[in-house]
Amino acid sequence: MVKRNHKFKSGEGAMYYTRKAAMRKLQLNIKDFRQLCILKGVYPREPKHRARAQHGSQEIKILYHKKDITFLLHEPIVWTLRDRKIFNRRIKHAVAKQNINLRDIRLHNYPQLKLDHIVKERYPTFIDAIKELDDCMTLLFTFSTFPATKIITRELTRMSRRLTVEFMHYVIAAQALRKVFISIKGYYFQAEIKGETVTWIVPHYFPYSPHRGEMVDLSIMKSFGDFFTVMAGFINYRLYHSVNLVYPPQFAHTLDSEETMGDEQKFVSERIAALNVDLLRSDGGNNGDAEETELLEWTGNDEDLPHVSQIRQEAQSVNKLKTLFKGLKFYLNREVPREPLVFIIRCFGGKVSWDKTMFVGATFDESDETITHQIVDRPTMDKQYISRDYIQPQWVFDSVNQRRLLPTNKYFIGAVLPPHLSPFTKSDARYVPPEELAVRKGDQEEEDNEKFEAAEVNVDQEQISDDEEVLDPEEEQQQQEYALMKAYNDERTDDLNSGKDENDANDNEVNQGAEKSTQNGKEKPAAGGDERQAQEKEQPAKKPKGMAVKPGKVFKENEQDQRGLTKHDEALRARMVKSKHRKLYSKLMERQKQSDKEAHILASKRARIEKQKKAAQTEKQKKQRKQILA
């Protein structure tokens, strides 16, 4: 009997499950299904042909791959979620009967999720876990600012607070911080850990305000938080042992006490105080004395590895950046955001303190004469010391991003600060602000000056090959004089030979006019010489017309014709693309047009702002002139 192929029983029609079918397959409700998918890293898929995957339906449905759902069927957590459903029903039954003892017993025996095996399953190697650390730290820093609520439990906020402080201590000990930036969302930090770039956001500390459930579903965020706390524990353990730090660390100030859990201000103060103290090392060393990494030199030719000089320069700049604030002492005023500044200054080898009467953990007083910088965010200061610079907080961030100590005159108290440029812009961005272009130009000039100085130093150290003979200075001078004399003699003989031919041609004319020249008392050779000079003057006038020199003219292209040519070229280029790559090519072109449009909007916005500034400045000058004349 011939086997018949039924519709949607093979191909894309049999490869996908809808969310409803997947929940029916796993025997879970929507809440448990979402939690399971988040923990296992299973997400909806976008089919190539949606109509076939949905069995001919034109609706937009959430689809999951059949292999993913089959993979979830063998997960032990599924049984734990089912047991939780049973326990929830039993707890409700005990509460309805007002049996408090039975309720407490069942709450004590409530099934707990064990996620260790899932972390090992999703991240087979340690580097894989480091690559996914961005979202983990961003969410944990967010949860660390939350109070305990019905959904976000106290245990989750407590673990988030501890894990984030541990991570910041590792970044300080390893000197791994590279870029910082202030935005409306919070403080952006970027560190280099095990060769991988990790970027996270620390939110500003604002009072917590409850919100409605339809704005943000905190239960989904809690599922991510439960997984990330286990993941961050594994990562911190490995990172601490890589830099010889004892784990779990013993902080000088307690972060888990009841007072810190109840008072947010006290917790922030204790957290910052913990960042300002070195941790205990397993090898008995000191965190303050960081070992200098030895740079490896490339022994081959630059042609073998063309980017070797760029790699060497980057390594040297990173080594200088690690000790940017070494030997400097900072004092923070009470109005300054302390946590990001303490974290940044400690990462680059600086010492920092604050008013001990306001916050705990201060290491030196304001009257200390060895303080080099005092960070202030107020228009004036009544009492100032001559031995230190009074600067605004932005100086610290800009110095780190430019990898050098900037001049402090632009960041004095009450000064109008320069724009705070983002270090995360790409070098091939369509729109670059003029201030960033000026910074790049200055950096390029410094690099050129360094190269020029290096070339001047190495002039006397040029290597001479074995085939070349090393001559004495006297012998070199004699050879040069001989070469000059030889060149002069050759030129002289050529001139004499050319003059001889012209004299032979004019001998007859000179002999015929000899009698007339004697009668007039004039020498005929002189007249002959005048004729030759006249002939030489007439010769340049007989050059061909094509050799004439004409003044150049600037060629102006027609913009409309140029646009038409570019459109024609784009159409031809699109035709050359293979049919299977046309969709990808169209996406790339749309993305390019979108980026061009955004760059044009930013450029026009900047021009409008500059025009408004200029108009306001001229108006101000007019008012000043009127006041002077009045």
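# Aromatic rings and helix packing in a predicted model

Phe325 is buried, and Phe330 is buried too. Both belong to a predicted model of a chain of 630 residues, of which 30% count as buried.

**The chain as a whole**

- The chain contains 23 helices and nine strands.
- Among contacts in the chain with a separation of 6 or more, 62% are made by residues 24 or more positions apart.

**Aromatic pairs**

- Searching the whole structure gives 18 aromatic pairs.
- One of these is formed by Phe189 and Phe343, with 5.2 Å from centre to centre and 85° between the planes. Because planes over 60 degrees apart count as edge-to-face, this pair is edge-to-face.
- The pair joins distant parts of the chain: Phe189 lies in strand β4 (residues 186-193), Phe343 lies in helix α15 (residues 338-347), and the two are 154 residues apart.
- Phe189 and Phe343 are both buried.

**An aromatic cluster**

- Which residues form one aromatic cluster? The members are Tyr123, Phe224, Phe227 and Phe228.

**Charges over rings**

- The charged end of Arg338 is placed over the ring of Trp354, at 4.9 Å from the centre of that ring.
- Arg90 lies over the face of Phe87, and the distance to the ring centre is 5.9 Å.

**Packing of helices α1 and α2**

- To describe two packed helices, one gives the angle between their axes and the distance between the axes.
- Helix α1 covers residues 19-26 and helix α2 covers residues 30-40. The two pack at an angle of about 90°, and their axes are 10 Å apart.
- Are α1 and α2 roughly parallel or roughly perpendicular to each other? Angles of 65 to 115 degrees count as roughly perpendicular, so α1 and α2 are roughly perpendicular to each other.
- On the α1 side, Arg19, Ala22, Met23 and Leu26 make the contact. On the α2 side, Ile30, Phe33, Arg34 and Leu36 make the contact.
- Sorted by class, the contact of α1 with α2 has six nonpolar residues, two charged residues and no polar ones. The contact residues include Arg19 of α1 and Arg34 of α2, and Arg is counted as charged.

Conventions
Residues are numbered from 1 along each chain as its sequence is written. This is a predicted model: local features need pLDDT of at least 70, side-chain atom pairs count only at pLDDT 80 or more; totals for chains, interfaces and linings use all residues. Side-chain values use heavy atoms; hydrogens and water are left out. Rings of Phe, Tyr and Trp (its six-membered ring) pair if their centres lie within 6.5 Å; planes under 30 degrees apart count as stacked, over 60 as edge-to-face and the rest as tilted. Helices (H or I, at least four residues) and strands (E, at least two) are DSSP runs, numbered from the N terminus. Buried means under 20% relative accessible area, exposed over 50%, partly exposed in between (1.4 Å probe, protein chains only). A charge sits over a ring if NZ of Lys or CZ of Arg is within 6 Å of the ring centre and within 35 degrees of the ring normal. Axes are lines fitted to C-alpha atoms, for helices over the stretch in contact, and angles run from 0 to 180 degrees between N-to-C directions. Angles under 35 degrees count as roughly parallel, over 145 as roughly antiparallel, 65 to 115 as roughly perpendicular and the rest as oblique. Contact means heavy atoms within 4.5 Å.
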